[in-house]
Amino acid sequence: MAGTRANPLEEGLGIRRKPDPCALVIFGASGDLTQRKLFPALYALAYRRLLPERFAVVGVARTEQSTSEFEALMKAAVKSYARDPFVQGVWDRLSGGLRYVPADFADENAEDELDRVVGELEASRGLGGNRVYYLAIPPQAFETSVQEIGERQDHDGWTRVIVEKPFGHDASSAQRLSDVLHRWFREEQIFRIDHYLGKETVQNMLALRFANGIFEPVWNRQFIDHVQITVAESIGIEGRAAFYESAGAIRDVFQNHLLQLLALTAMEPPIDFTADAVRTEKVKALRSLHTPGPKSVVRGQYGPGWVEAQEVRGYREEDGVANGSLTETFIAAKLYVDNWRWADTPFYVRAGKRLARRETTIAIQFQRAPHPPFEAIAGDGLRPNVLLIHVQPDEGVSLAIGAKVPGAGMTIRTVHMDFLYGGAFREGLPEAYERLILDAMLGDATLFTREDEVDEQWKLVDAIVGPWQRDRPTFPSYAAGTWGPRAADELLHRDGRSWRRH
(Lines give C-alpha, C1' and ligand atoms only; values in the text may rest on other atoms or scores of the structure.)
Protein backbone atom coordinates (compact mmCIF):
# COMPACT_ATOMS: atom_id res chain seq x y z
CA MET A 1 0.00 0.00 0.00
CA ALA A 2 1.35 3.42 -0.94
CA GLY A 3 2.89 5.33 1.92
CA THR A 4 3.36 2.35 4.25
CA ARG A 5 6.72 1.51 5.75
CA ALA A 6 8.82 -1.17 4.09
CA ASN A 7 12.24 -0.61 5.61
CA PRO A 8 12.76 -2.87 8.68
CA LEU A 9 15.28 -0.36 10.03
CA GLU A 10 12.37 2.01 10.61
CA GLU A 11 10.78 -0.33 13.14
CA GLY A 12 10.40 1.35 16.50
CA LEU A 13 10.54 4.88 15.12
CA GLY A 14 7.73 6.86 16.73
CA ILE A 15 4.68 8.13 14.89
CA ARG A 16 3.98 11.78 15.71
CA ARG A 17 0.49 12.98 16.47
CA LYS A 18 -1.34 14.56 13.59
CA PRO A 19 -2.09 18.29 13.50
CA ASP A 20 -5.59 19.68 13.82
CA PRO A 21 -7.54 20.11 10.57
CA CYS A 22 -6.27 23.30 8.92
CA ALA A 23 -5.63 25.28 5.77
CA LEU A 24 -2.10 26.18 4.66
CA VAL A 25 -2.07 29.47 2.74
CA ILE A 26 1.19 30.07 0.83
CA PHE A 27 1.90 33.67 -0.15
CA GLY A 28 4.42 33.73 -3.01
CA ALA A 29 3.28 30.32 -4.27
CA SER A 30 4.62 30.83 -7.81
CA GLY A 31 8.19 31.08 -6.54
CA ASP A 32 11.02 28.59 -6.72
CA LEU A 33 10.79 27.75 -2.99
CA THR A 34 7.22 26.46 -3.33
CA GLN A 35 8.11 24.23 -6.27
CA ARG A 36 11.43 22.86 -5.03
CA LYS A 37 10.79 22.61 -1.29
CA LEU A 38 7.29 23.29 0.00
CA PHE A 39 5.16 21.08 -2.23
CA PRO A 40 7.65 18.18 -2.25
CA ALA A 41 7.61 18.44 1.57
CA LEU A 42 3.79 18.43 1.65
CA TYR A 43 3.75 15.41 -0.64
CA ALA A 44 6.21 13.57 1.64
CA LEU A 45 3.95 14.29 4.62
CA ALA A 46 0.90 13.08 2.67
CA TYR A 47 2.82 9.98 1.57
CA ARG A 48 3.39 9.09 5.25
CA ARG A 49 -0.14 10.11 6.26
CA LEU A 50 1.18 12.76 8.63
CA LEU A 51 -1.09 15.52 7.35
CA PRO A 52 -4.53 16.02 8.88
CA GLU A 53 -7.31 14.00 7.24
CA ARG A 54 -9.06 17.33 6.67
CA PHE A 55 -6.54 19.63 5.04
CA ALA A 56 -6.32 22.25 2.28
CA VAL A 57 -3.61 24.26 0.52
CA VAL A 58 -4.22 27.65 -1.05
CA GLY A 59 -1.53 29.18 -3.24
CA VAL A 60 -1.44 32.97 -3.54
CA ALA A 61 0.77 34.88 -5.99
CA ARG A 62 0.70 37.65 -8.58
CA THR A 63 1.03 35.17 -11.46
CA GLU A 64 -2.22 34.90 -13.41
CA GLN A 65 -3.16 31.23 -13.63
CA SER A 66 -6.04 28.95 -12.78
CA THR A 67 -6.18 26.36 -10.01
CA SER A 68 -5.84 23.57 -12.59
CA GLU A 69 -2.74 25.19 -14.06
CA PHE A 70 -1.26 25.65 -10.59
CA GLU A 71 -2.03 22.03 -9.73
CA ALA A 72 -0.31 20.80 -12.90
CA LEU A 73 2.76 22.91 -12.06
CA MET A 74 2.94 21.58 -8.49
CA LYS A 75 2.41 17.99 -9.69
CA ALA A 76 5.39 18.37 -12.03
CA ALA A 77 7.41 19.85 -9.16
CA VAL A 78 6.61 16.88 -6.93
CA LYS A 79 7.64 14.46 -9.66
CA SER A 80 10.93 16.34 -10.10
CA TYR A 81 11.93 17.13 -6.53
CA ALA A 82 10.09 14.86 -4.05
CA ARG A 83 12.18 12.20 -2.32
CA ASP A 84 9.39 9.63 -2.57
CA PRO A 85 8.03 7.86 -5.67
CA PHE A 86 5.04 9.55 -7.24
CA VAL A 87 1.78 7.77 -6.37
CA GLN A 88 -1.36 9.13 -7.97
CA GLY A 89 -3.51 8.21 -4.97
CA VAL A 90 -1.29 10.19 -2.61
CA TRP A 91 -1.35 13.18 -4.94
CA ASP A 92 -5.14 12.97 -5.22
CA ARG A 93 -5.46 13.18 -1.43
CA LEU A 94 -3.23 16.25 -1.35
CA SER A 95 -4.61 18.03 -4.42
CA GLY A 96 -8.26 17.48 -3.47
CA GLY A 97 -8.05 20.54 -1.23
CA LEU A 98 -5.80 22.60 -3.50
CA ARG A 99 -6.80 26.06 -4.72
CA TYR A 100 -5.00 29.02 -6.32
CA VAL A 101 -5.81 32.72 -5.97
CA PRO A 102 -4.02 35.24 -8.24
CA ALA A 103 -3.54 38.30 -6.09
CA ASP A 104 -1.49 41.41 -5.59
CA PHE A 105 -0.52 41.44 -1.93
CA ALA A 106 -1.62 45.07 -1.64
CA ASP A 107 -4.99 44.59 -3.37
CA GLU A 108 -7.88 44.59 -0.90
CA ASN A 109 -10.25 43.02 -3.45
CA ALA A 110 -7.81 40.16 -3.93
CA GLU A 111 -7.74 39.67 -0.17
CA ASP A 112 -11.52 39.47 -0.17
CA GLU A 113 -11.32 36.76 -2.83
CA LEU A 114 -8.74 34.87 -0.79
CA ASP A 115 -10.99 35.06 2.27
CA ARG A 116 -13.89 33.71 0.21
CA VAL A 117 -11.88 30.76 -1.14
CA VAL A 118 -10.45 29.84 2.26
CA GLY A 119 -13.88 30.18 3.86
CA GLU A 120 -15.45 27.84 1.29
CA LEU A 121 -12.72 25.26 1.89
CA GLU A 122 -13.18 25.52 5.64
CA ALA A 123 -16.90 24.95 5.31
CA SER A 124 -16.71 22.12 2.76
CA ARG A 125 -13.77 20.25 4.33
CA GLY A 126 -14.46 20.92 8.01
CA LEU A 127 -11.20 22.71 8.80
CA GLY A 128 -12.47 24.43 11.92
CA GLY A 129 -11.11 27.84 10.94
CA ASN A 130 -7.48 26.84 11.65
CA ARG A 131 -5.02 28.58 9.33
CA VAL A 132 -1.28 28.56 8.75
CA TYR A 133 -0.01 31.43 6.59
CA TYR A 134 3.37 30.87 4.92
CA LEU A 135 5.02 34.16 3.89
CA ALA A 136 7.46 33.28 1.11
CA ILE A 137 7.37 36.83 -0.24
CA PRO A 138 9.77 39.72 -0.89
CA PRO A 139 10.49 41.99 2.11
CA GLN A 140 8.72 44.95 0.46
CA ALA A 141 5.42 43.00 0.44
CA PHE A 142 5.77 41.81 4.03
CA GLU A 143 4.09 44.58 6.01
CA THR A 144 1.04 44.85 3.76
CA SER A 145 0.47 41.09 3.76
CA VAL A 146 0.83 40.81 7.54
CA GLN A 147 -1.64 43.66 8.04
CA GLU A 148 -4.21 42.07 5.71
CA ILE A 149 -3.90 38.72 7.47
CA GLY A 150 -4.00 40.32 10.90
CA GLU A 151 -7.10 42.38 10.18
CA ARG A 152 -8.99 39.29 9.00
CA GLN A 153 -8.60 37.12 12.09
CA ASP A 154 -12.31 37.15 12.84
CA HIS A 155 -12.64 33.45 11.94
CA ASP A 156 -12.93 30.49 14.29
CA GLY A 157 -9.85 28.43 15.19
CA TRP A 158 -6.21 29.41 15.49
CA THR A 159 -3.89 31.39 13.21
CA ARG A 160 -0.14 30.87 12.78
CA VAL A 161 2.33 32.69 10.53
CA ILE A 162 5.53 31.18 9.06
CA VAL A 163 8.04 33.83 8.04
CA GLU A 164 10.84 33.04 5.58
CA LYS A 165 14.26 34.64 5.79
CA PRO A 166 15.72 37.17 5.30
CA PHE A 167 14.23 38.48 8.54
CA GLY A 168 15.56 42.00 8.25
CA HIS A 169 18.83 43.42 6.98
CA ASP A 170 20.18 44.52 10.36
CA ALA A 171 19.02 44.73 13.98
CA SER A 172 16.80 47.78 13.50
CA SER A 173 15.00 46.44 10.40
CA ALA A 174 14.49 43.06 12.08
CA GLN A 175 12.96 44.83 15.05
CA ARG A 176 10.62 46.74 12.74
CA LEU A 177 9.45 43.47 11.19
CA SER A 178 8.85 42.00 14.64
CA ASP A 179 6.89 45.11 15.62
CA VAL A 180 4.69 44.69 12.53
CA LEU A 181 4.04 41.05 13.41
CA HIS A 182 3.36 41.77 17.07
CA ARG A 183 0.82 44.39 16.13
CA TRP A 184 -1.41 41.49 15.08
CA PHE A 185 0.07 38.26 16.46
CA ARG A 186 1.47 36.93 19.71
CA GLU A 187 5.00 35.52 19.70
CA GLU A 188 3.68 31.95 20.02
CA GLN A 189 1.81 32.45 16.72
CA ILE A 190 4.99 33.51 14.84
CA PHE A 191 7.30 30.89 13.32
CA ARG A 192 10.52 32.42 11.92
CA ILE A 193 11.98 29.70 9.75
CA ASP A 194 15.63 28.69 9.42
CA HIS A 195 15.60 25.49 7.41
CA TYR A 196 18.93 24.36 8.90
CA LEU A 197 17.16 23.75 12.20
CA GLY A 198 14.92 21.21 10.44
CA LYS A 199 17.83 19.02 9.40
CA GLU A 200 17.97 15.71 11.25
CA THR A 201 21.68 16.01 12.01
CA VAL A 202 21.25 19.48 13.51
CA GLN A 203 18.51 18.16 15.78
CA ASN A 204 20.74 15.18 16.60
CA MET A 205 23.18 17.59 18.24
CA LEU A 206 20.70 17.81 21.14
CA ALA A 207 20.42 14.03 21.37
CA LEU A 208 24.17 13.54 21.05
CA ARG A 209 24.90 15.92 23.90
CA PHE A 210 22.06 15.32 26.31
CA ALA A 211 21.10 11.66 25.76
CA ASN A 212 24.61 10.24 26.14
CA GLY A 213 26.42 10.21 29.44
CA ILE A 214 29.88 10.12 27.83
CA PHE A 215 29.75 13.48 26.04
CA GLU A 216 28.23 16.12 28.29
CA PRO A 217 30.80 15.70 31.13
CA VAL A 218 33.63 16.55 28.69
CA TRP A 219 31.70 19.23 26.73
CA ASN A 220 33.63 22.17 28.20
CA ARG A 221 36.87 24.17 28.18
CA GLN A 222 38.70 21.61 30.34
CA PHE A 223 38.51 18.90 27.69
CA ILE A 224 37.86 20.72 24.40
CA ASP A 225 40.69 22.61 22.73
CA HIS A 226 38.54 24.39 20.13
CA VAL A 227 35.51 24.06 17.86
CA GLN A 228 35.35 24.48 14.08
CA ILE A 229 32.09 25.05 12.21
CA THR A 230 32.11 25.03 8.40
CA VAL A 231 29.23 25.86 6.06
CA ALA A 232 30.75 25.43 2.61
CA GLU A 233 29.01 25.55 -0.75
CA SER A 234 30.54 24.68 -4.10
CA ILE A 235 27.83 26.58 -6.02
CA GLY A 236 27.89 30.28 -6.83
CA ILE A 237 25.02 32.72 -6.36
CA GLU A 238 22.70 30.83 -8.73
CA GLY A 239 21.12 33.88 -10.39
CA ARG A 240 20.40 35.62 -7.06
CA ALA A 241 22.63 38.64 -7.69
CA ALA A 242 20.06 41.22 -6.55
CA PHE A 243 19.66 39.49 -3.18
CA TYR A 244 23.29 38.57 -2.72
CA GLU A 245 24.65 42.03 -3.50
CA SER A 246 22.64 43.42 -0.57
CA ALA A 247 23.23 40.48 1.76
CA GLY A 248 26.66 38.93 1.23
CA ALA A 249 27.83 35.82 3.03
CA ILE A 250 27.46 37.37 6.49
CA ARG A 251 23.72 38.00 6.11
CA ASP A 252 22.95 35.03 3.87
CA VAL A 253 24.55 32.29 6.01
CA PHE A 254 26.54 33.62 8.99
CA GLN A 255 23.69 35.53 10.69
CA ASN A 256 21.31 32.59 10.65
CA HIS A 257 22.56 29.09 9.79
CA LEU A 258 26.06 29.38 11.19
CA LEU A 259 25.15 31.15 14.43
CA GLN A 260 22.35 28.66 15.03
CA LEU A 261 24.83 25.77 14.73
CA LEU A 262 27.12 27.55 17.17
CA ALA A 263 24.28 28.12 19.64
CA LEU A 264 23.28 24.45 19.59
CA THR A 265 26.90 23.45 20.15
CA ALA A 266 27.52 25.89 23.00
CA MET A 267 24.15 26.00 24.81
CA GLU A 268 23.60 24.73 28.34
CA PRO A 269 21.27 21.76 28.97
CA PRO A 270 17.62 22.95 28.93
CA ILE A 271 15.39 22.05 31.87
CA ASP A 272 13.16 20.17 29.38
CA PHE A 273 12.66 20.00 25.64
CA THR A 274 9.79 22.43 25.35
CA ALA A 275 10.20 25.18 22.77
CA ASP A 276 10.83 27.99 25.24
CA ALA A 277 13.30 26.01 27.36
CA VAL A 278 15.48 25.06 24.36
CA ARG A 279 15.34 28.51 22.78
CA THR A 280 16.11 30.26 26.07
CA GLU A 281 19.39 28.33 26.39
CA LYS A 282 20.28 29.17 22.79
CA VAL A 283 19.68 32.86 23.49
CA LYS A 284 21.99 32.68 26.52
CA ALA A 285 24.76 31.25 24.34
CA LEU A 286 24.27 33.92 21.66
CA ARG A 287 24.19 36.65 24.29
CA SER A 288 27.53 35.39 25.65
CA LEU A 289 29.30 35.79 22.32
CA HIS A 290 32.19 38.24 22.50
CA THR A 291 32.28 40.70 19.59
CA PRO A 292 35.39 39.83 17.56
CA GLY A 293 37.92 42.51 16.67
CA PRO A 294 38.84 43.23 13.03
CA LYS A 295 41.86 40.89 13.24
CA SER A 296 39.56 38.03 14.19
CA VAL A 297 37.34 38.34 11.11
CA VAL A 298 38.26 37.50 7.51
CA ARG A 299 36.12 38.16 4.46
CA GLY A 300 36.75 37.23 0.87
CA GLN A 301 35.32 37.08 -2.62
CA TYR A 302 35.81 34.32 -5.17
CA GLY A 303 37.51 34.85 -8.47
CA PRO A 304 37.57 32.56 -11.53
CA GLY A 305 38.59 28.97 -10.93
CA TRP A 306 37.70 25.32 -11.22
CA VAL A 307 34.98 23.57 -9.19
CA GLU A 308 34.40 19.84 -9.61
CA ALA A 309 36.35 19.83 -12.90
CA GLN A 310 34.27 22.70 -14.31
CA GLU A 311 35.70 26.13 -15.05
CA VAL A 312 33.59 28.84 -13.39
CA ARG A 313 33.43 32.62 -13.42
CA GLY A 314 34.45 34.92 -10.63
CA TYR A 315 31.81 36.68 -8.54
CA ARG A 316 32.27 40.00 -10.35
CA GLU A 317 31.60 38.26 -13.68
CA GLU A 318 28.26 36.83 -12.49
CA ASP A 319 25.15 38.26 -14.16
CA GLY A 320 23.79 41.24 -12.24
CA VAL A 321 26.88 41.80 -10.09
CA ALA A 322 28.44 45.24 -10.20
CA ASN A 323 31.93 45.52 -11.64
CA GLY A 324 34.19 46.18 -8.67
CA SER A 325 31.65 44.83 -6.16
CA LEU A 326 32.91 44.61 -2.57
CA THR A 327 30.31 42.06 -1.51
CA GLU A 328 31.85 39.20 0.44
CA THR A 329 31.18 35.60 -0.62
CA PHE A 330 33.27 34.17 2.24
CA ILE A 331 33.54 34.95 5.92
CA ALA A 332 35.58 33.39 8.69
CA ALA A 333 35.81 34.46 12.31
CA LYS A 334 37.24 33.49 15.66
CA LEU A 335 34.50 33.79 18.27
CA TYR A 336 34.46 33.33 22.03
CA VAL A 337 31.51 32.34 24.20
CA ASP A 338 32.17 34.26 27.40
CA ASN A 339 30.74 31.98 30.06
CA TRP A 340 31.99 29.45 32.59
CA ARG A 341 31.72 26.44 30.27
CA TRP A 342 33.58 27.92 27.29
CA ALA A 343 35.89 30.65 28.66
CA ASP A 344 38.99 31.04 26.42
CA THR A 345 37.86 28.24 24.06
CA PRO A 346 37.85 29.57 20.48
CA PHE A 347 35.03 28.79 18.06
CA TYR A 348 36.40 29.08 14.52
CA VAL A 349 33.58 29.52 12.00
CA ARG A 350 33.57 29.92 8.23
CA ALA A 351 31.03 30.04 5.42
CA GLY A 352 31.46 30.64 1.73
CA LYS A 353 30.45 30.19 -1.88
CA ARG A 354 32.48 28.42 -4.60
CA LEU A 355 34.59 26.48 -2.13
CA ALA A 356 36.22 23.13 -2.83
CA ARG A 357 33.10 21.11 -2.06
CA ARG A 358 29.71 21.28 -0.40
CA GLU A 359 29.76 20.36 3.25
CA THR A 360 28.45 21.51 6.61
CA THR A 361 30.33 20.14 9.60
CA ILE A 362 30.86 20.81 13.30
CA ALA A 363 34.26 19.60 14.54
CA ILE A 364 34.84 19.32 18.29
CA GLN A 365 38.60 18.96 18.81
CA PHE A 366 39.58 17.67 22.24
CA GLN A 367 42.71 18.49 24.18
CA ARG A 368 45.76 16.36 23.58
CA ALA A 369 46.33 13.63 26.12
CA PRO A 370 48.86 14.77 28.75
CA HIS A 371 52.33 13.16 28.55
CA PRO A 372 51.58 11.06 25.44
CA PRO A 373 53.84 7.98 25.67
CA PHE A 374 53.29 7.10 21.99
CA GLU A 375 54.28 10.46 20.50
CA ALA A 376 57.70 9.31 19.34
CA ILE A 377 56.37 6.21 17.58
CA ALA A 378 53.11 7.51 16.12
CA GLY A 379 53.00 6.67 12.40
CA ASP A 380 51.48 9.91 11.10
CA GLY A 381 51.69 12.01 14.23
CA LEU A 382 49.31 11.26 17.05
CA ARG A 383 46.40 13.62 16.42
CA PRO A 384 43.96 14.87 19.04
CA ASN A 385 40.56 13.21 19.26
CA VAL A 386 37.93 14.91 17.14
CA LEU A 387 34.17 14.45 17.23
CA LEU A 388 32.91 15.40 13.77
CA ILE A 389 29.21 16.02 13.13
CA HIS A 390 28.39 15.84 9.42
CA VAL A 391 25.29 17.99 8.87
CA GLN A 392 25.39 17.58 5.08
CA PRO A 393 25.77 15.97 2.64
CA ASP A 394 26.93 12.68 4.28
CA GLU A 395 24.83 12.92 7.44
CA GLY A 396 26.35 11.24 10.46
CA VAL A 397 28.86 11.42 13.30
CA SER A 398 32.52 10.38 13.34
CA LEU A 399 34.94 10.08 16.26
CA ALA A 400 38.69 10.14 15.51
CA ILE A 401 40.75 8.00 17.89
CA GLY A 402 44.28 6.64 17.98
CA ALA A 403 44.69 2.89 17.36
CA LYS A 404 47.60 0.48 16.98
CA VAL A 405 48.46 -0.57 13.44
CA PRO A 406 48.37 -4.39 13.14
CA GLY A 407 51.76 -6.09 13.05
CA ALA A 408 54.98 -6.07 14.99
CA GLY A 409 55.97 -3.03 16.98
CA MET A 410 53.83 -0.23 18.37
CA THR A 411 52.76 2.14 15.60
CA ILE A 412 49.79 4.40 16.23
CA ARG A 413 47.48 5.78 13.56
CA THR A 414 44.28 7.82 13.67
CA VAL A 415 41.15 5.84 12.77
CA HIS A 416 37.47 6.75 12.76
CA MET A 417 34.42 5.33 14.45
CA ASP A 418 31.54 6.27 12.16
CA PHE A 419 27.77 6.45 12.49
CA LEU A 420 25.86 7.14 9.27
CA TYR A 421 22.16 7.93 9.30
CA GLY A 422 21.46 6.04 6.09
CA GLY A 423 22.91 2.82 7.47
CA ALA A 424 21.42 3.04 10.95
CA PHE A 425 17.83 4.11 10.18
CA ARG A 426 16.72 4.49 6.59
CA GLU A 427 17.92 5.20 3.09
CA GLY A 428 16.61 8.75 2.88
CA LEU A 429 16.38 11.39 5.58
CA PRO A 430 13.38 13.71 5.77
CA GLU A 431 13.84 17.07 4.15
CA ALA A 432 14.05 19.96 6.61
CA TYR A 433 10.84 21.58 5.36
CA GLU A 434 8.84 18.43 6.10
CA ARG A 435 9.63 18.69 9.79
CA LEU A 436 9.22 22.46 9.95
CA ILE A 437 5.86 22.64 8.18
CA LEU A 438 4.53 19.82 10.34
CA ASP A 439 5.82 21.48 13.53
CA ALA A 440 4.14 24.77 12.61
CA MET A 441 0.84 22.95 12.12
CA LEU A 442 1.32 21.30 15.51
CA GLY A 443 2.21 24.62 17.14
CA ASP A 444 5.68 23.36 18.17
CA ALA A 445 8.14 26.28 17.86
CA THR A 446 11.24 24.44 19.14
CA LEU A 447 12.98 24.51 15.75
CA PHE A 448 12.03 28.10 14.91
CA THR A 449 13.90 31.22 15.99
CA ARG A 450 12.42 33.45 18.67
CA GLU A 451 12.51 37.24 18.50
CA ASP A 452 15.32 37.58 21.05
CA GLU A 453 17.42 35.00 19.16
CA VAL A 454 17.14 37.05 15.97
CA ASP A 455 17.98 40.20 17.90
CA GLU A 456 21.18 38.73 19.35
CA GLN A 457 22.26 37.39 15.96
CA TRP A 458 21.82 40.79 14.31
CA LYS A 459 23.62 42.62 17.12
CA LEU A 460 26.73 40.53 16.47
CA VAL A 461 26.49 40.96 12.70
CA ASP A 462 26.04 44.73 13.00
CA ALA A 463 29.09 44.94 15.25
CA ILE A 464 31.17 43.03 12.69
CA VAL A 465 29.90 44.90 9.62
CA GLY A 466 30.28 48.37 11.13
CA PRO A 467 34.08 48.68 10.62
CA TRP A 468 33.73 47.38 7.04
CA GLN A 469 32.27 50.72 5.95
CA ARG A 470 35.76 52.25 6.33
CA ASP A 471 37.55 49.37 4.61
CA ARG A 472 38.09 48.63 0.92
CA PRO A 473 39.45 45.07 0.68
CA THR A 474 41.35 43.65 -2.26
CA PHE A 475 38.87 41.41 -4.10
CA PRO A 476 38.78 38.76 -5.44
CA SER A 477 40.85 37.17 -2.70
CA TYR A 478 40.48 33.46 -3.44
CA ALA A 479 40.08 31.27 -6.50
CA ALA A 480 36.87 29.33 -6.95
CA GLY A 481 37.39 25.70 -5.97
CA THR A 482 39.74 26.47 -3.05
CA TRP A 483 38.96 26.76 0.66
CA GLY A 484 38.89 30.54 0.80
CA PRO A 485 41.45 33.33 1.18
CA ARG A 486 44.88 32.74 2.68
CA ALA A 487 44.01 35.09 5.53
CA ALA A 488 41.46 32.53 6.77
CA ASP A 489 44.26 29.98 7.18
CA GLU A 490 46.41 32.55 8.92
CA LEU A 491 43.58 33.22 11.37
CA LEU A 492 44.17 29.74 12.81
CA HIS A 493 47.90 29.51 12.15
CA ARG A 494 48.45 32.42 14.53
CA ASP A 495 47.04 30.17 17.26
CA GLY A 496 49.08 27.13 16.20
CA ARG A 497 46.01 25.46 14.65
CA SER A 498 44.68 24.78 11.16
CA TRP A 499 41.35 24.19 9.44
CA ARG A 500 40.35 20.59 9.10
CA ARG A 501 40.43 19.12 5.60
CA HIS A 502 37.67 16.56 5.86
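Select Ser-178 and Arg-192 to begin, and look at their side chains, which are joined by a polar contact of 3.4 Å; a polar contact here is a pair of N or O atoms within 3.5 Å, where within protein one must be able to donate a hydrogen and the other to accept it, and where residues adjacent in sequence count only if both atoms are side-chain atoms. The model is predicted, so local features need pLDDT of at least 70 and side-chain atom pairs count only at pLDDT 80 or more, while totals for chains, interfaces and linings use all residues. Residues are numbered from 1 along each chain as its sequence is written, and side-chain values use heavy atoms, with hydrogens and water left out.

Stay with Ser-178, which lies in helix α6 (residues 171–182); helices (H or I, at least four residues) and strands (E, at least two) are DSSP runs, numbered from the N terminus. Is Ser-178 buried or exposed? Ser-178 is buried, with a relative accessible area of 2%, where buried means under 20%, exposed over 50% and partly exposed in between, using a 1.4 Å probe and protein chains only. If you leave out residues up to four places away in sequence, Ser-178 touches Phe-167, Arg-192 and Glu-451, contact meaning heavy atoms within 4.5 Å.

Next, select Phe-39, Leu-94, Tyr-134 and Phe-254, which touch the most other members of the largest nonpolar core, a group of 148 residues. Helix α8 (residues 241–266) gives the most to this core, with 13 residues. Such a core is a set of buried Ala, Val, Leu, Ile, Met, Phe, Trp, Tyr and Cys residues joined through side-chain atoms within 4.5 Å. Around Phe-39, and leaving aside its neighbours within four places in sequence, look for contacts that include Ile-26, Val-57, Phe-70, Trp-91 and Leu-94.

Rings of Phe, Tyr and Trp (its six-membered ring) pair if their centres lie within 6.5 Å, and planes under 30 degrees apart count as stacked, over 60 as edge-to-face and the rest as tilted. By this rule the count comes to 15 aromatic pairs. One of them is the stacked pair of Tyr-43 and Phe-86, at 5.9 Å centre to centre with 5° between the planes. This pair links distant parts of the chain, 43 residues apart, with Tyr-43 in helix α1 (residues 32–47) and Phe-86 in the loop between α2 (67–81) and α3 (88–95). Tyr-43 is buried, with a relative accessible area of 0%, whereas Phe-86 counts as partly exposed at 26% relative accessibility. Then select Trp-342 and Phe-347, an edge-to-face pair at 5.1 Å centre to centre with 75° between the planes; both residues are buried.

Now turn to Trp-158, where the charged end of Arg-160 sits over the ring, 3.7 Å from its centre; this requires NZ of Lys or CZ of Arg within 6 Å of the ring centre and within 35 degrees of the ring normal.

Finish with the backbone. The peptide bond from Gln-392 to Pro-393 is cis, with omega near 0°, and Pro-393 lies in the loop between β16 (386–392) and β17 (396–404). Ala-309, in the loop between β11 (305–307) and β12 (310–312), has a positive phi of about 70° although it is not a glycine, and Ala-309 is exposed, with a relative accessible area of 66%.
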